[in-house]
Amino acid sequence: MPLLVYNRPVSLPSSTGEFIERYSRLKEGAEHLKSKPAIKVDPPGLLYIQQREFAATVPQDGSVSTLGTEDATTCQVVVLRHTGSGATALGHLDGSDTAMTVSKMLNAVRSLSDGSSNGRYEVHLVGGYIDEQLLSHRLTLELLEAFNSQSENIHLETYCVTELNDTKKQNVHWPVIYGIAVNVKTGEIFQATFPDRGPDEDVRAARTFLGGSMISIYDAKAEQMQIEPYEWIPFPTAEFWLQQPDHRILQYFSTSPVVEPPHFVKHLKNIFQFLTTSPEEALFPKGESRIYKKTAAGFWERIHYAT
């Protein structure tokens, strides 16, 4: 079944610019989304999703009512929702296993929508910009192709990616939107920023840094967040990089060094420090996952057993 725009099957483009020309009305939705100020989302009700993670849940979830992510420069954010069940997934994609990730997200939403005869699948794509390496362009085209290859009809509702999420400052291209959240109960998507990105921010970021693949981090039925054990690859130069100036770290580790958010280098140094002090066996004793539930106050609390 195809990806649809205005209820009609899309014709896949050879470039992102061609797609915008063909479906120019999508600009209106992108401009509307960009015009709204970013909203600060506090921890109660929030499930924060990092790069190469996705999560799915339903409006009936008593623990999570908002899915969100930030720091997308050349990355892009996918929000997939079934309008009948309200089941919603959000993923932070960087071009690694794009087609597989889209299939996994659709399967997660489909599973949570089991028994819902009404409604349709809708997708929102946000992020990226006109970067020099054309990484954003490539990821956008991969996403369009991946959604067009799925077994369900999927309606493209928001297209605020690459050219449509780009602005120029002193002749340098920048992303407009870095962070997005979705209200699981209503389906509203909005610009967002997140003062808290836990739990286990460094554990999860290190997994991605060490080359981990895209994973689902939430069990909606149990209302539990789960961080599965991952292969611990030694990073022997961590101490070296902790001593390096910010500009060198940016140039070496960023796909978009000029436009990274101010905390990017601090975030990387936290990972380097973490990799020098946290052995795998201490994080995942007996190979068990790290599992969290929300407290009554809305904060994540680790529970010491696996389901």
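Tutor: The model under discussion is a predicted one.

Student: What kind of aromatic pair do Phe240 and Trp241 form?

Tutor: The ring centres of Phe240 and Trp241 are 5.2 Å apart. Planes over 60 degrees apart count as edge-to-face. The planes of Phe240 and Trp241 stand at 80°, so the pair is edge-to-face.

Student: What kind of pair do the rings of Phe235 and Phe272 form?

Tutor: The structure holds 15 aromatic pairs. For Phe235 and Phe272, the centres lie 5.8 Å apart. Planes under 30 degrees apart count as stacked. Here the planes are at 20°, so the pair of Phe235 and Phe272 is stacked.

Student: How many residues apart in sequence are the parts that this pair of Phe235 and Phe272 ties together?

Tutor: Phe235 belongs to the loop between strand S17 (224-227) and helix H6 (238-242), whereas Phe272 belongs to helix H8. The pair therefore ties together parts whose separation in sequence is 37 residues.

Student: Which elements give two or more residues to the lining of the largest pocket?

Tutor: The largest pocket has a volume of about 830 Å³, and 31 residues line it. Gln51, Cys75, Asp94, Thr208 and Phe264 lie nearest its centre. The elements that give two or more residues to this lining are helix H4 (135-148), helix H5 (201-209) and helix H8 (264-277).

Student: How many residues of the lining of the largest pocket are charged?

Tutor: The lining of the largest pocket includes 11 nonpolar and 11 polar residues. The charged residues of that lining number nine.

Student: Which residues lie nearest the centre of the second largest pocket?

Tutor: The second largest pocket has a volume of about 270 Å³. Its lining comprises 13 residues, divided into six nonpolar, five polar and two charged. Nearest the centre of the second largest pocket lie Tyr129, Asp131, Glu132, Ser256 and Val258.

How values were computed:
Residues are numbered from 1 along each chain as its sequence is written. This is a predicted model: local features need pLDDT of at least 70, side-chain atom pairs count only at pLDDT 80 or more; totals for chains, interfaces and linings use all residues. Side-chain values use heavy atoms; hydrogens and water are left out. On a 1 Å grid over the protein atoms alone, a cavity is a set of points where a 1.4 Å probe fits but cannot get out, and a pocket is an open set with protein on both sides within 12 Å along at least five of seven lines; lining residues have an atom within 4 Å of a point. Grid points are joined across faces, edges and corners, and a volume is the space filled by probe spheres set on the points. Helices (H or I, at least four residues) and strands (E, at least two) are DSSP runs, numbered from the N terminus. Ala, Val, Leu, Ile, Met, Phe, Trp, Tyr, Cys and Pro count as nonpolar, Asp, Glu, Lys and Arg as charged, and the others, Gly among them, as polar. Rings of Phe, Tyr and Trp (its six-membered ring) pair if their centres lie within 6.5 Å; planes under 30 degrees apart count as stacked, over 60 as edge-to-face and the rest as tilted.
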